[in-house]
Amino acid sequence: SLEQIPRAAPDRILGLTEQFARDTRRQKVNLTVGVYKDGWGQVTTFPSVARAQKLIDSDFELNTDLSYLPITGCPEYSSAVLSFLFGESCPQVGPRLLEEGRVSFAQTLSGTGALAVASKLLALFLSRTVWISEPSWPNHQNIFRSNGFTDLRTYPYYQNGRLVVDEWLEKLKTEVRKDPETRHSIILHACCHNPTGLDPTREEWVRILDTVHELGMIPILDMAYQGLESGNPPADAYVLRMALDEKRYKCWPNGLFVCQSFAKNMGLYGERVGSLSVVTPPAKPHVREHVDSQLKQIVRSIYSSPPGYGSRVATMVLSKSFLRMQWYKDVAFMTERLSQVRHNMHNLLKWPGLMNFQQQHGMFYYTGLSPKQVDVLRDKYSIYMTMDGRLSLSGVNDHNIDYVCEALDAVSKI
Ligand code: PMP
């Protein structure tokens, strides 16, 4: 009966935002969710996006078309995103993949939707075992479990303030080889690893991709922060470029899955704009067609078709070259502010938890604080961050930086 339904655990990140809203203390700081705020603490619309919105507003047809989009999204969005991801971001191999019709594509409800559709497809036909970094974005486990994965495993990623790539690859080799009958998927954070902010070096990525390829695993690239590492969106697709290097990996026989989001890098969070691309092996056109058809089936059964407005904005930004140039400037500006905050905090903080703060990048500072210290920050200082000690840098600004750093120094002594 209904009464037998147990209470689910609150979302580890969004639950804190609700608690923050209820906090009545005057000096309170929300550093939980990864939403970019400017130096005045405001969530802003990127200038490129605001101009695209104006253009859409003044276009009668675009502005009044509230009808359904096709199941896997609007064709203009598909071609704009494909040419951004596989043209501009991967100029060596990408355009030929598109010409050969090897990329199956769906407009999705942001990065989460891409991961959900990908995991559903994988669980239906290919794999129910997935490897997730330890630590990782908590929703990875949630999404893959909810969509049919029965075996969720973790690979060591970060221990005592450093990446542990050797341990990671050793574990994969031992465990995957023990279990040759099972097809293993693996989630790889394409840049700005969440929550640690630390990514493998290019040399380490070669070893990682070599291992994943050699073990016959299915790579799922999670690209939620493209542009927030270097300030340049195409440059940050380096893992995708490396995975598509045909001299090294002739192909990924069970597909290469790319789950991409415009939430952070275009500030389109609530509009839910993203995509799933599945790169299929060469000379097998029916594979792409079959994948296309299954993506449609999956989307149709869950939400029928994606929403229109946000994807129209992204299409406009990507396809008008003056807007795309402005967008690159906007991303560079955001990234610059985040690294400035990082730098300023580094100068102010006195505590020893700083070891790799300057090497981290992206939206977060992974402090290494324990759950107990995070509790004290929240209860005593009204500073909210996630329990894993992750702090969203853009919530720090000139008005609260001293307060935040003093509180961090104080709790670091506990
Ligand atoms: N992957 C990772 C690692 C993330 O941090 C996020 C955003 N928090 C996402 C995917 C997807 O976010 P969205 O659904 O908002 O695009």
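Cys 192 sits in the loop between β7 and α9. Helices here are DSSP runs of H or I with at least four residues, strands are runs of E with at least two, and both are numbered from the N terminus. Phi of Cys 192 is near 50°, a positive value in a residue other than glycine. The model is predicted: local features need pLDDT of at least 70, side-chain atom pairs count only at pLDDT 80 or more, and totals for chains, interfaces and linings use all residues. Residue numbers start from 1 along each chain as its sequence is written.

The loop between β7 (184-189) and α9 (202-214) also holds Pro 195.

| Residues joined by a cis peptide bond | Omega |
|---|---|
| Glu 134 and Pro 135 | about 5° |
| Asn 194 and Pro 195 | about 15° |

Pro 135 is placed in the loop between β3 (129-134) and α7 (139-146).

Next, the ligand. Its shell has 13 residues, and Ser 110, Gly 111, Thr 112, Ser 261 and Ala 263 come nearest. A residue counts as near if its C-beta atom, placed from the backbone, lies within 6 Å of the molecule. Helix α6 (residues 110-125) gives the largest share of this shell, three residues. By class, the shell has four nonpolar, eight polar and one charged residues. Ala, Val, Leu, Ile, Met, Phe, Trp, Tyr, Cys and Pro count as nonpolar, Asp, Glu, Lys and Arg as charged, and the others, Gly among them, as polar.

The domain assignment gives domain 1 (2-45 + 323-412) and domain 2 (68-319). Such bounds come from an automatic or database assignment. The C-alpha centres of domain 1 and domain 2 lie 26 Å apart. Their contact takes 26 residues from domain 1 and 25 residues from domain 2. Contact means C-beta atoms, placed from the backbone, within 7 Å. On the side of domain 1 that touches domain 2, α13 and β11 (364-366) are the elements that give two or more residues. The largest share of that side, eight residues, comes from α13.

Helix α13 (residues 321-348) also packs against helix α15 (residues 401-412), at an angle of about 50° and with axes 10 Å apart. That makes α13 oblique to α15. The contact has four nonpolar, one polar and one charged residues.

Note on methods
Axes fitted to C-alpha atoms, helices over the stretch in contact; angles between N-to-C directions. Parallel < 35°, antiparallel > 145°, perpendicular 65-115°, else oblique. Contact = placed C-beta atoms within 7 Å.
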